[in-house]
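Here are two exercises to work through with the model open beside you. Try each task before you read its solution.

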Amino acid sequence: MLETIPRAIIPTDNGGSSSILALIRHLNFAIRPRSGARLARSIRPGGRLIRFENVGLRYGTGPEVLRDVSFAIEKGSFQFLTGPSGAGKSSLLRLLFLSQRPTRGLITLFGHDVSGLKPDTVADVRRQIGIVFQDFRLLDHMTTYDNVALPLRILGRDERTYRPEVIELLQWVGLGERMHALPPVLSGGEKQRVAIARALIRRPELLLADEPTGNVDPPLAKRLLHLFTELHKSGTAVMIATHDLSLMEQFDARRLVLNEGRLYDD
Amino acid sequence: MTINGAQKKPLPKGAMQRRLAASNIGEPAPIVPAGTVTGRALITVIAIMTFLAAITAASITLVQDATTHWRSDLAREITIQIRAREGANVAAETAKVAVVANNFPGLADVRILSAQETGRMLEPWLGRGLELDTLPVPGIIVARIRDDVEPDLDSLRVALKKEVPNASLDDHRGWSARLSAMSDGVLFGGALVLLLVLASTALSVIFATRSAVSGNRAIVEVLHFVGARDSFIATVFQKHFLIASLKGALAGGIAAAALFAIAAITPDFLSKVPGTGNTAALIGQLMLQPAGYMGIAVVVLMVVIIATVAARVTVFRTIRSID
Ligand SMILES: Nc1ncnc2c1ncn2[C@@H]1O[C@H](COP(=O)(O)OP(=O)(O)OP(=O)(O)O)[C@@H](O)[C@H]1O
Ligand SMILES: [Mg+2]
């Protein structure tokens, strides 16, 4: 069923080039065999989205979960973040979308030093980041459609202006039929796809995904990974936290390994 | 299906699907479910508070109306009392004083109260059917102060003392001052009650907002993560409180206005209430003037504004603690 949905979508000629519609059109094209279509958005290499310098994090008075972590994420880059369970992958992602502040060290996000950011600036930074949570964090009282539309809705946009984007993305992730379903009745894999669609809908500059293939079978995992790599090719920086080795083997990319709180660039 | 008489043309499959899907999306779900933010209890509390505040505000205008009425009556009137004394004829002295008063500039309608009138005034103290002749009943003269000439009451006092040492002039200043003090007291007490009621409305809303926000903590977190500003989140909650306070305040305000309207068309409404038999006599008809109904409307508006602002401020404070 998933294989057939993309082909059912016939690209139309409305919507800006940076909207999700442009990406889906590109994806539909790229998925077909012998397609020559390439990047929808040019990558400007060398720009730094994120910089960590000697970052340390501890929860309360506990031990340091992260120690002397230093790395950078370039514009349009792709990396896996891996390491054993409890190594601090989710904690590192939490630092990246500002739900945790470091206990020491320096973090620069989109040119902002994260210490002492004003709440509205935090919101602005988050608008450039798409996040897929390990536990999805969908709103149970909202339909699949409303959940995916939420990042556009909070921008104050009129519902009619984004309806085609949301519907097309939902169809692309194979949830066209489940648009009106509430999350509690969705399967784990369906919820995962809703979470991914919500993270993608604004075509963020940076996509963070925490175990995005944790609840799906290998073929669907492969398909979702394909979605992320195509998103990356279209210019989005991607960071996927996973301990799924087979997933990492499918795409040759930088691996950041966390072990006992320290980060190793593989 | 034809549009502008065009030929029937099958839609592409995807477009058809999309159109179908788009057609029944309908209103987006509220970001925070209404039932989790404000409930019937809060609306009832707001209604009761508004009712109390509206009754207070309207009563203040009633008392204000009544006292200005009395005071303007009192201020335009003087009374001269001629006490009986040994070896003098009260009636003759009263007549003498009446002549002085009649010739005094600024006074009009000088009138000597008859023995019956004086007797009636004494009835509440001395009882009915008295032999007035056996008592040293004072003579009483009333006069109206003219609207065009202001009389010099001090020189009248001096003139009276010279003619009849026992005559005393009462320009009701003491009464007027006491009335004014009482009306100020009612105004102050009413304002205090109003303030307390509005403050407890604000407090109830603050408590309700706090629990609404923490009850919807997961939603607030997700809204933050997708980049919603605090002002957006505050507006989401504030809308629910605006609606709840509108419902409650209107119900309370309408109930208060209805109570006064019923009182106005039921003349002895108050005398039916035990222990208030004299109230109607004191403040006249319990007739709320347009200003009173305006007061009720202002109270309704204030409750809505206070509730909405209190909710907004509280949401801001509470969500800062969540992030
Ligand atoms: N809120 C918290 N308070 C205290 N300790 C925490 C908190 N969150 C995480 N930790 C601890 O920090 C360490 C790292 O946790 P984290 O969730 O980042 O690991 P992870 O690499 O994502 O693990 P997994 O692969 O199982 O998801 C763990 O020891 C965990 O117990
Ligand atoms: Mg984790």
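**Exercise 1. Describe the interface of chain A and chain B.**

Step 1: start with the area. Chain A and chain B bury about 2,800 Å² between them, with 61% of it on carbon and sulfur atoms; buried area is the accessible area (1.4 Å probe) that two parts lose on being put together, summed over both. Arg126(A), His141(A) and Ile154(A) supply 19% of the area that chain A buries against chain B, more than any other three residues.

Keep in mind that this is a predicted model, where local features need pLDDT of at least 70 and side-chain atom pairs count only at pLDDT 80 or more, while totals for chains, interfaces and linings use all residues. Residues are numbered from 1 along each chain as its sequence is written, chains are lettered from A in the order in which they are written, and side-chain values use heavy atoms, leaving out hydrogens and water.

Step 2: count the residues. In contact (heavy atoms within 4.5 Å) are 32 residues of chain A and 29 residues of chain B.

Step 3: look for charge pairs. There are two salt bridges between the chains, each a side-chain nitrogen of Lys or Arg within 4 Å of a carboxyl oxygen of Asp or Glu. Arg137(A) and Glu221(B) form a salt bridge at 3.2 Å, N to O.

**Exercise 2. How are H2(B) and H6(B) oriented to each other?**

Step 1: find the geometry. Helix H2 (residues 40–75) and helix H6 (residues 173–215) of chain B pack at about 170 degrees, their axes 9 Å apart.

Step 2: apply the cut-off. Angles over 145 degrees count as roughly antiparallel, so H2(B) and H6(B) are roughly antiparallel.

Note on methods. Axes are lines fitted to C-alpha atoms, for helices over the stretch in contact, and angles run from 0 to 180 degrees between N-to-C directions. Helices (H or I, at least four residues) and strands (E, at least two) are DSSP runs, numbered from the N terminus. Angles under 35 degrees count as roughly parallel, over 145 as roughly antiparallel, 65 to 115 as roughly perpendicular and the rest as oblique.
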